[in-house]
Amino acid sequence: MSNTDTHAGEDLAGDTTPTDDVADERELGAAGSQLSTAPREEPLAAGPRLGPIGWARWFWRQLTSMRIALLLLLLLSLAAIPGSLIPQTSASSNKVDTFLTQHTTLGPIYDKLQLFHVYSSVWFSAIYILLFISLIGCIIPRSWQFVGQLRGRPPGAPSRLTRLPAYTTWRTDTEPEEVRKAALTLLKRRRFRAHVVGDAVAAEKGYLRESGNLIFHVALIVMLVSFASGSLFKSEGGKLIMEGDTDGFSNTLSQYDDFTSGSLFDTSNLPPFSFSLDHFVGTYERSGPEVGTARKFQADIHYSAGPGDSEHKGVIKENHPLQIEGSKVFLISHGYAPSVTVKDGKGKVVFHGNTPLLPFDKNLSSSGAIKVMDGYHDKNGKKDQLGFAALFVPTFGGKGQMLSQFPAPDFPVLNIGAYHGDLGVDSGVPQNVYQLDTKSLTPFKDSKGDILKKSLLPGETMKLPNGAGSITFDKGPIKQWASFQITHQPGEGWALGGAVAAILGLAGSLFIQRRRIWVRATKGPDGVTVLEMAGLGRSESAKLPEELGDLAVTLIPEAPPAPEPDAPGVPEADATAPGPDADDAGEATAATGAAPADHAEGAEK
Amino acid sequence: MILAAATNENLAHTSNVLIYSAMAVYMLAFFAHIFEWTFGSRSKVARTAAALTSGGASEDAAAEATATVTVKVAAKGGGTTVLERPKVVTRSASGSRNVPDGPGADGGDAQGDMWGRIALALTGLAFLIAACGVVARALSVQRAPWGNMYEFSITFSTVAVGVYLALLASRKLNIRWLGLPLVTTVLLTLGLAVSVLYTASDQLVPALHSYWLWIHVSCAIFCGAVFYVGAVATLLYLFRDRYETKLIAGEKVSAFATSVLERLPAAATLDKLAYRVNAAVFPLWTFTIIAGAIWAGSAWGHYWEWDPKETWSFITWVAYACYLHARATAGWKGRKAATLALVAFACFLFNYYGVNIFVTGKHSYAGV
């Protein structure tokens with residue numbers, strides 16, 4: 001798969017000049033051959049009566065053809081679109097759930113079509129796997145061809161150099177052998193691959209274009225493979241830690257709140273590091289139009305690389321994960337963990353501690369559940385469980401909604417709704433620790449018969465009715481929590497190397513021109529040497545004539561021009577070809593150098 | 001300078017004044033370009049029609065051009081002798097139309113040319129003012145001025161004009177005809193920026209505190225500016241190509257189309273320019289995406305998460321890759337490939353405006 005190549009040989013061969021030139025054209029085609037390894041397009045014709053091998057071969061040829069590769073590329077870009085418009089499970093499973101409840105007809109259809117996980121869906125994978133097979137099927141033969149070209153030599157000069165895209169000639173008194181020798185030296189010095197064929201020097205340069213092209217495509221495969229293998233061996237998990245929590249986190253499977261790993265990851269291989277959160281700092285814009293926007297998040301931590309290692313102080317910020325034992329620890333989110341004290345009817349403390357609440361808006365209005373699972377007895381002395389639906393705002397906006405006005409704890413208020421009964425934690429069904437499952441819970445009622453709910457300031461207490469106890473929002477600074485993501489992703493180096501190689505290869509394949517230069521020196525009938533130079537590139541470029549001019553200028557001291565004979569130079573047998581001075585062509589299509597050809601209007605009769 | 005506040009209100013104000021001034025000057029440049037095109041329409045030399053319809057030109061398909069350059073070569077004695085550089089004859093590939101480039105917006109008209117020069121001078125002035133505006137904005141917030149869509153827009157339009165002026169200054173390409181569409185778009189972009197997208201200068205959210213902001217976003221802005229130039233050239237190629245096809249077929253072309261399209265470069269030239277521009281910046285766009293992935297790796301913990309912005313930059317990348325491949329595929333060259341290039345640029349635009357405004361993802365910062 002070539003990015004930029006146009007078939008120079010094909011273009012030349014497409015000329016419809018009279019039959020005299022047919023042989024000439026063939027020769028020109030040969031001169032431009034193997035200037036790239038771009039595949040020739042074959043007509044889309046399925047031969048009749050193909051055997052299974054024939055069909056397989058036909059299918060393979062189709063798959064590796066440029067046309068199909070292009071279609072697959074187009075399909076890939078189209079297939080990527082829905083994933084950006086439809087909520088994806090990988091990004092936010094909550095949004096997918098919301099979507100499913102809102103769209104009862106469309107939702108299941110989308111689900112069937114795997115539109116909630118587009119990038120791991122069967123059809124998306126099919127497209128890119130086919131594309132990569134096509135790519136491999138294209139690269140391998142091209143690499144072989146390129147190796148062949150590298151081992152071969154540039155083809156000899158076509159007999160009529162005047163027909164090439166860039167051409168120049170002059171007469172000189174230097175002997176042809178000397179001219180060829182000088183040209184060979186010059187071209188080799190300019191790092192052309194050059195050799196003498198017959199009466200001319202043939203030279204070629206710019207092989208890096210082809211190499212770059214191949215490197216780029218191979219690098220894409222390397223990146224894909226390293227990502228794929230990386231995901232087999234990777235592990236990733238989340239952990240929420242409260243400030244001052246002395247236990248912190250140690251890297252074992254049981255400590256994770258959630259954990260996913262690739263199918264080939266061995267969980268016993270988790271490196272034994274540990275860390276704890278000393279302090280979380282969040283600062284927010286206090287004035288201006290972006291009031292409340294976060295300015296700084298920082299987690300001050302203590303960590304140790306393993307049981308034998310001493311404790312180190314460390315800081316984790318956004319953009320600055322902690323790198324430890326081949327894993328990275330990222331700061332993902334943060335919130336508040338207000339402290340409450342729950343007492344039973346006799347005044348005995350049954351719960352005292354901080355409960356992390358999850359923020360649901362920009363100003364950190366948070367919600368969660370405080371669960372008293374054991375130790376509580378109701379007024380009759382019967383074992384019971386208590387559940388409190390907690391709503392917390394760090395900055396209360398006065399009367400009205402429990403919505404925070406600012407993310408910092410300037411005016412913290414905790415709203416509590418009280419329930420008792422079976423929390424459901426013993427049922428064995430996994431449940432969300434941040435949600436209260438009220439199915440088998442009975443709400444405490446207030447005097448009006450509504451669910452008992454009260455907004456508390458720090459230090460305030462809500463009494464549960466009928467001597468069921470009380471809950472107090474403890475005074476003192478509100479503790480914060482931070483959640484961390486611990487990632488171990490091998491194969492990063494390969495992916496990065498692939499990416500760098502891809503860019504370099506791409507630059508090489510797009511910026512370097514592969515071109516051939518021929519220098520022919522022959523003795524004219526009058527004994528004066530006629531020197532001809534011509535250039536051919538893969539695509540038309542203004543640089544080729546410039547380079548040819550440069551080479552000519554450099555060659556002139558070795559082969560100084562001889563005085564022109566009276567008649568306009570008509571070199572050797574090439575009498576029919578338009579010479580450089582015989583300006584018999586129509587319009588100028590390409591002006592070279594700094595001086596634009598100004599005789600454009602002089603259309604020839 | 002009082003740096004007590006993180007944001008220097010004075011500088012921010014100065015920046016706004018500069019941006020508005022630049023818009024005023026761009027407006028003048030816009031009118032000057034209009035005059036250029038208007039005066040240019042007086043020129044009635046129909047080169048394209050002549051080239052395509054007169055029998056002689058199409059007979060000999062391969063045209064030749066010569067150019068003579070005198071070069072100075074150091075002589076042995078230490079002085080210099082002036083040598084005539086050999087004439088290099090160039091032949092365009094046969095099979096292509098041999099159409100000369102149009103004379104440019106001024107149509108060879110002296111007054112048109114004068115207005116064109118005035119427009120160019122004004123564009124240069126406006127560019128300087130806008131660049132100062134961007135720098136003032138950067139100083140006022142003491143960071144790269146790419147924190148929100150307003151800042152991104154003013155930087156993007158300034159860089160686009162910068163690319164255009166740099167291409168003009170290099171004198172390799174004659175692209176003054178690009179002036180009018182460019183100034184028009186820049187005015188629209190800036191207008192949108194100051195009216196809809198304006199955000200008072202402020203600090204960045206913590207996720208943007210990284211040197212990758214400089215690398216990733218500056219590359220994205222530069223790529224956008226260059227892709228824009230490529231897209232304009234492609235669009236004009238499609239018009240001009242249809243015009244040439246019609247001329248060859250002997251169909252009637254409206255006077256307005258003739259007047260405007262006649263003055264543009266030949267379709268082949270436009271196509272080549274578009275290709276060169278797009279191909280030149282494609283590796284940088286690749287780098288932009290990879291740099292973004294590396295940044296995402298350290299900021300969010302994942303290199304690639306199919307965030308909407310990531311997805312659309314990937315789609316843009318694939319679309320441009322399609323374009324580059326299409327140009328080398330039989331049956332796709334020419335108009336089909338050009339359409340792909342336009343689709344790719346549309347993807348780029350959607351990635352910027354569409355994704356920022358309609359889709360929420362991890363790239364949503366600071367309210368658009």
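## How α1 and α4 of chain B pack

In this predicted model, α1(B) and helix α4 (residues 110-141) of chain B pack at an angle of about 165 degrees, and their axes sit 7 Å apart. Helices here are DSSP runs (H or I, at least four residues; strands are E, at least two), numbered from the N terminus. The axes are lines fitted to C-alpha atoms, for helices over the stretch in contact, with angles running from 0 to 180 degrees between N-to-C directions. Angles under 35 degrees count as roughly parallel, over 145 as roughly antiparallel, 65 to 115 as roughly perpendicular and the rest as oblique. That is why α1(B) and α4(B) are called roughly antiparallel to each other.

The α1(B)/α4(B) crossing is left-handed, meaning that the near helix is turned anticlockwise from the far one by less than a right angle (clockwise would be right-handed). By class, the residues of this contact split into 23 nonpolar, 11 polar and two charged. Ala, Val, Leu, Ile, Met, Phe, Trp, Tyr, Cys and Pro count as nonpolar, Asp, Glu, Lys and Arg as charged, and the others, Gly among them, as polar.

## α1 against α6

Helix α1 (residues 9-40) of chain B also meets helix α6 (residues 179-195) of chain B: their axes come within 9 Å and cross at roughly 150 degrees. This pair is therefore roughly antiparallel too, and α1(B) passes α6(B) in a left-handed crossing.

On the α1(B) side, the contact includes M23(B), F30(B) and W37(B), and on the α6(B) side it includes L180(B), L187(B) and V194(B). Residues are in contact if their C-beta atoms, placed from the backbone, lie within 7 Å. The contact has 13 nonpolar, three polar and no charged residues.

## α4 against α5

α4(B) packs on helix α5 (residues 149-170) of chain B at about 145 degrees, with the axes 10 Å apart, and the crossing is left-handed. Among the α4(B) residues involved are F127(B) and R137(B), while α5(B) brings in E151(B) and L165(B), among others. By class, you get seven nonpolar, six polar and two charged residues.

## Transmembrane annotations

An unreviewed UniProt entry lists several transmembrane regions in chain B, including 17-35, 118-140, 177-199 and 312-330. UniProt positions follow the numbering used here, feature names are shortened, and annotations may be inferred rather than shown by experiment. Residues 118-140 of chain B are 100% helix and 0% strand, with end C-alpha atoms 33 Å apart. For residues 312-330 of chain B, the figures are 79% helix, 0% strand and 28 Å.

For chain A, the unreviewed UniProt listing gives 68-86, 122-141, 214-233 and 493-512. Residues 214-233 of chain A are 100% helix and 0% strand, and their end C-alpha atoms lie 29 Å apart. Residues 493-512 of chain A come out at 95% helix and 0% strand, with 28 Å between the end C-alpha atoms.

## Domains of chain A

Chain A is divided into domain 1 (34-152), domain 2 (155-206 + 513-575), domain 3 (231-330 + 483-499) and domain 4 (337-478); the bounds come from an automatic or database domain assignment. Taken over C-alpha atoms, the centres of domain 2 and domain 3 of chain A are 66 Å apart.

## Reading the numbers

Residues are numbered from 1 along each chain as its sequence is written, while chains are lettered from A and ligands numbered from 1 in the order in which they are written. As this is a predicted model, local features need pLDDT of at least 70 and side-chain atom pairs count only at pLDDT 80 or more, whereas totals for chains, interfaces and linings use all residues.

Technical notes. Two residues are in contact if their C-beta atoms, placed from the backbone, lie within 7 Å.
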